[in-house]
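Hi,

Here is the structure I promised to pass along. Have a look at it first, and then read on for my notes.

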Amino acid sequence: MSNTGTNIIYGLYDDETDLLAAVKEANSQHLEIMDVLSPFPVHGLDPLLGLSESRLHVAGFFFGLTGTLVAFLFMTWSLGFDWQVIYGGKPYWPVPSFIPITFELTVLFASVGMVVTFYTICGLGPGVENPIIDKRITDNKFCIAFDASHTNHEAVNNFFSSTGATEVNQKTI
Amino acid sequence: MGAISSPIRNPLITGRKTYAQITEDICRPTERTPSFAWVVAFALAVTFLAVYLFCVFYTVWKGIGSWNLNRTIGWGWDITNFVWWVGIGHAGTLISAILLLFRQKWRTGVNRAAEAMTIFAVICAGQFPLIHMGRIWLAFFIFPYPNTRGPLWVNFNSPLLWDVFAISTYFTVSLLFWYTGLVPDLATVRDRAKGIRKKLYGIASFGWTGSAKHWQRWESLSLILAGLATPLVLSVHTIVSFDFATSVIPGWHTTIFPPYFVAGAIFSGFAMVQTLMIITRKVLNLKDYITLEHIESMNKVILLTGTIVGVAYLTELFISWYSQYPYEQFAFFNRATGPYWYTYFAMMSCNLLSPQIFWSRKMRRNVTVTFIMSIFVNIGMWYERFVIIATTLARDYLPSSWSMYYPTWVEVGLFLGSLGLFFTLFLIFVRVAPVVAIAEVKSILKSSGDQYTEKFEKYHHEKQFANEASDA
């Protein structure tokens, strides 16, 4: 994603407690927050922003199930049907021997699948260049951004000054 | 976060850091010109790496005959090295995954480096079975691919094949887990960098912005990967123990109880983390992030797992005596008193006896003692694998085929060279990536930074004082 041409107003805070208080205040003033950015995950922020719980684990379950089936069915087919060999007097379909590889492939499919899903839905990947609102957001600043075309500028500026934002800027990203 | 910690917890971040200082301290080593110590270490590591490459080339060129393996002793230093490196590779996942599930905050100071260590150790481990194959260019035979020989499939009953799947899964999952954790920190480095570095870190950081939704998913992903990696790490070493336990060699049945083998892996892995972190915190000046508190916590794990391993050794001896079964007795008494008695002695003294020093708090918090101990444990765990693998084979069923085994220079070169490979990778890592997880350390600052813990302590102290006053 390169520049989207969205005009934003954003305020920077120095501390996550100020940020949480500000988001609460924005909610009570019915200001529509575009995004909140922070240098580390701020706990307690998700419910305030109305973010529903991530469903990555659901995807993970189905990726894992795929792995289980691929491993178990492949081993069943290859040893049990395609080319039958007696190994150490074991039956052609030695289910207990299949457990380790079935487990490993379950974990492998679930992990790889979830990681790929994560980067895809977040729009992240090698070489992706997302607009950087402020370089200090990955350092020590906590940012609340509003879409400038959908908000009342005066209300937003008042909101930032009343909640203790240390800087307020406008930018096209 | 701002959550109140127990006042008896010591701070995990010292030096009254702010968020900006944390960024500065941890990013600095990737930005400045390498120190003289790093250059010397890197030159040494690359020299050993060259020795390694030469020995691999020599082995492949001449064949396995360049080693001293013989008809009786088919596994020697090679498989010993393999198991040793795999064991070392387990601490990273233990620190990052199991301690994440247990909500141990001290994990944040060391998890990044420990995970990197895991990946490099598994890379080293994976080499040995491949070289041992002799015809390394046929290594792809171990994968079940449609071939022109039938297709004749691989033997899914074999623990050696399970190992192929276990190690490759473990490597992949560890790599994904490590890199996903690294992405936000690479973005931090990107936002400080200029020119070509900015471009490279821009590519490596995947366009990370720090958006709230991304953080939420990132935390969710980390937690699930941790949940998957925890049984994975246990399964991997269990399967490594099956390599021996399912054989028909009496002495190899020592691994039939996988938890003992897993405890050994954790033990050696933590020792290697200590070795690396003690040097890293000094050379990169990260003593405020990798504190004595971290070192003490890891020493407690070393004490616990070392003692578990020791109990297993003694149980084996006791049971073989108690069984009154002469062959079983011979297998174990031969270990302790046979021609390889010195390897058994090294194993017992390094793994069982020496960690007992950590019952003393003073010793647990002594950096020099910890460093020496970590080397002892590394040596002891190498000998443990040698004792299980080679000394057992040296005295097998037929006294007429009893034999001895001493490595050739090629085998010694491969082992020392693999250390070169490991340290080369680790030294490159400390130069290009933040060695401590920046975002995770920031997230525990308010609960474990010294300026905050002192505040809690003061608060609790005053409250207690007030309560006592009101009681009186």
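**Notes on the model**

With a relative accessible area of 72%, His30(A) is exposed. Bear in mind throughout that this is a predicted model. His30(A) sits in the loop between α1 and β2 of chain A, and its phi is near 60°, a positive value in a residue other than glycine. That is worth a glance because most residues other than glycine have a negative phi.

The helix that His30(A) follows is α1(A). Helix α1 (residues 16-28) of chain A has 13 residues, and from first C-alpha to last it reaches 18 Å, close to the 18 Å expected at 1.5 Å a residue. Which of its residues are buried? They are Glu16(A), Leu19(A), Leu20(A), Ala22(A), Val23(A) and Ala26(A). Looking down the axis of α1(A), you find these buried residues within an arc of 165°, so they line one face of the helix.

Now the sheet. Chain A has four strands in an open sheet, ordered β2-β3-β1-β4, with antiparallel pairing. The edges are taken by β2 (33-37) and β4 (167-172) of chain A; each has a single partner strand, so one side of each is left without a neighbour in the sheet. On average, neighbouring strands of this sheet are turned by 25° against each other, direction ignored.

Strand β3 (residues 142-147) of chain A is joined to strand β1 (residues 7-13) of chain A by six bridges, and the two run antiparallel. Within that pair, Asp147(A) in β3(A) stands opposite Ile8(A). Four bridges link β3(A) to β2(A), also antiparallel, and there Ala145(A) is the bridge partner of Asp35(A).

Is β3(A) enclosed or left open? Six of its six residues are buried, so β3(A) is largely enclosed by the rest of the structure. In a regular strand the side chains alternate between the two faces of the sheet. For β3(A), both faces are covered: Phe142(A), Ile144(A) and Phe146(A) are buried on one side, and Cys143(A), Ala145(A) and Asp147(A) on the other. Helix α5 (residues 153-163) of chain A lies across β1, β3 and β4 of chain A, and runs at about 10° to β1(A).

The other helix to look at in chain A is α3 (residues 56-82). Its 27 residues should span 39 Å at 1.5 Å a residue, and the end C-alpha atoms are 37 Å apart, which agrees. Its buried residues include Gly60(A), Gly64(A), Gly67(A) and Gly80(A), along with Leu56(A), Met75(A) and Leu79(A). What do the buried residues of α3(A) pack against? Their partners are α4 (95-122) of chain A together with α8 of chain B.

That brings us to chain B, where the loop between α7 (195-204) and α8 (212-245) holds Ser205(B). Ser205(B) is buried, at a relative accessible area of 0%. Its side chain reaches the backbone oxygen of Gly202(B) at 3.4 Å. Leaving out residues up to four places away in sequence, Ser205(B) touches Val183(B), Leu186(B), Ala187(B) and Arg190(B).

In that loop between α7 and α8 of chain B you will also find Phe206(B). Phe206(B) is buried, with a relative accessible area of 13%, and its phi is near 60°, again positive in a residue other than glycine.

If you are checking backbone geometry, note the cis peptide bond between Gly150(B) and Pro151(B), with omega about 0°. Pro151(B) lies in the loop between α5 (107-132) and α6 (159-192) of chain B.

Finally, two phenylalanines. Phe54(B) lies in helix α2 (residues 36-62) of chain B and is partly exposed, with a relative accessible area of 45%. Phe54(B) and Val410(B) are 356 residues apart in sequence, while their C-alpha atoms are 9.0 Å apart in space. Phe415(B) belongs to helix α15 (residues 409-432) of chain B and counts as buried, at 12% relative accessibility. Not counting residues up to four places away in sequence, Phe415(B) touches Trp77(B), Asn81(B), Trp84(B) and Trp382(B).

Cheers

Notes. Residues numbered from 1 in each chain as written. Chains lettered and ligands numbered in written order. Predicted model: local features only at pLDDT ≥ 70, side-chain atom pairs only at ≥ 80, totals over all residues. Heavy atoms only, no water. Expected span 1.5 Å × (residues − 1). Buried < 20%, exposed > 50% of the residue type's maximum accessible area, 1.4 Å probe, protein only. Arc of directions from axis to C-beta. Pairing = 2+ DSSP bridges. Axes fitted to C-alpha atoms, helices over the stretch in contact; angles between N-to-C directions. Contact = heavy atoms within 4.5 Å. Polar contact = N/O pair within 3.5 Å; in protein donor to acceptor, adjacent residues only side chain to side chain.
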